[in-house]
Amino acid sequence: MPRKIKIGQIGIGHNHASEEMATVRRLSDDFEVVGVVEADPQWREKRGELEAYEGLPWLREEELFNTPGLEAVMVETDVPMLVPTAMRCLEAGFHVHMDKPAGYSLEEYRTMLDLAARKNLTVQLGYMYRNNPAVQLCQRAVREGWLGQVFELSTVMSRTMDDDYRQWMSQFHGGSMYIFGSHLIDLVISILGKPQRVTPFLRQTFPDKDTLVDNAFAVLEYPKTVASVRTSILEVDGFRRRQLVVCGDKGTFEVKPIEGCDVQRQDPPLPALTPRLILEAACGEFPAGINDIVMPPMSGRYDGQLSEFAKIVRGEIENPYPLEHEYTVQEVLLAACGDEPVSF
């Protein structure tokens, strides 16, 4: 059996914090959870009783860092505190799984990533589609040339939100693009690399209610490809239209919805993960024509990613998303949240 990674969590304020904790507890062959840190009594009151934290010790940060054998920390604070908290973890010598997005200061983020590089420590960002099997098949299709010359890539991630969530999201410049577009831009960069130019289109549907950019669109330009990133918190049943579509001159890959598990308990539940691959000629194990593929069910959004994190920390594999990729994603995200087009 591989050695278990001793891991703790700092912060429960991120909206994915409890789900990530539930995942590492479920992956008990890979992880031993030593405790949770949350200094803000409001978050303890709101989320401290969630099932994911049941039976775990609540620690001060100093106590967590002094835990014998601790190797890694999940940083799951509310979004504004992610980068400074991760910095403290890296300075103390721990590998980091950090949720997203990675702040508004590229300088601070670069300092954080450079620190990780100097100390030979892992930084893994919690982009939840990376280990989705349909996404990985799409990446393979592009990489191996099944689709030919890619000329179009389209992504969508939307949902509806209540007024309390709108108020929370209003603090972020870029609104829905900053929170949801980060996942999509991670996909685009992993498939196409860094764009030449980013043009944002940010809209406020209800300016009399709040300052929230609740409807956002960005165009990412490449020499031979145009990619689009669309986000909103206005779309009824938006989970079903979260999608990734890649078109080339020899084929098309599409997956809709992109979610591989029904984590939000949609009613009716989301369908199975069934990407469609349309090929001009047979490629790999797929014949020419329309291939409707049923992927294996996912037990959770983060199981594959956090299992991968354990392998990286143990030195069994290299991180498939190097630090420069993480920086590029944030750089392009901030351009997509801006007020003017940005060229790179």
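Strands here are DSSP runs of E spanning at least two residues, numbered from the N terminus. By that count, S158 sits in strand β7, which covers residues 150-158. Keep in mind as you look around that this is a predicted model.

- S158 is buried, and its relative accessible area is 1%.
- Beyond four places in sequence, S158 is in contact with T231, S232, E235, G238, F239 and R242.

- Helix α6 runs over residues 133-143 and is mostly covered, with eight of its eleven residues buried.
- Those buried residues are P133, A134, V135, L137, C138, Q139, A141 and V142.
- Strand β7 returns here: the cover over the buried residues of α6 includes β7, α8, β11 (243-248) and β12 (251-255).
- After α6 comes G145, which has a positive phi near 80°.

**The largest nonpolar core**
- This core holds 111 residues, and M98 and M112 touch the most other members.
- Helix α8 (residues 176-192) is the biggest contributor to the core, giving ten residues.
- Setting aside neighbours within four places in sequence, M112 contacts V83, A86, M87, L90, M98 and V123.

**Helices α5 and α10**
- The axes of α5 (residues 106-119) and α10 (residues 323-336) come within 10 Å and cross at roughly 175°.
- Angles over 145 degrees count as roughly antiparallel, so α5 and α10 are roughly antiparallel to each other.
- On the α5 side, the contact is made by L106, Y109, R110, L113, A116 and A117.
- From α10, the partners are L323, E324, E326, Y327, Q330, E331 and L334.
- By type, the residues of this contact divide into eight nonpolar, one polar and four charged.
- An α-helix has 3.6 residues a turn, so residues three or four places apart point the same way.

**W168 in helix α7**
- W168 belongs to helix α7, residues 163-169.
- With a relative accessible area of 18%, W168 counts as buried, because the cut-off for buried is under 20%.
- Its contacts, leaving out residues up to four places away in sequence, are N15, D78, V79 and I179.
- W168 and R265 are 97 residues apart along the chain, and their C-alpha atoms are separated by 22 Å.

Note on methods:
Residues numbered from 1 in each chain as written. Predicted model: local features only at pLDDT ≥ 70, side-chain atom pairs only at ≥ 80, totals over all residues. Heavy atoms only, no water. Helix = DSSP H or I, 4+ residues; strand = E, 2+ residues; numbered from the N terminus. Buried < 20%, exposed > 50% of the residue type's maximum accessible area, 1.4 Å probe, protein only. Contact = heavy atoms within 4.5 Å. Core = buried A, V, L, I, M, F, W, Y, C linked by side-chain atoms within 4.5 Å. Axes fitted to C-alpha atoms, helices over the stretch in contact; angles between N-to-C directions. Parallel < 35°, antiparallel > 145°, perpendicular 65-115°, else oblique. Nonpolar A, V, L, I, M, F, W, Y, C, P; charged D, E, K, R; others polar.
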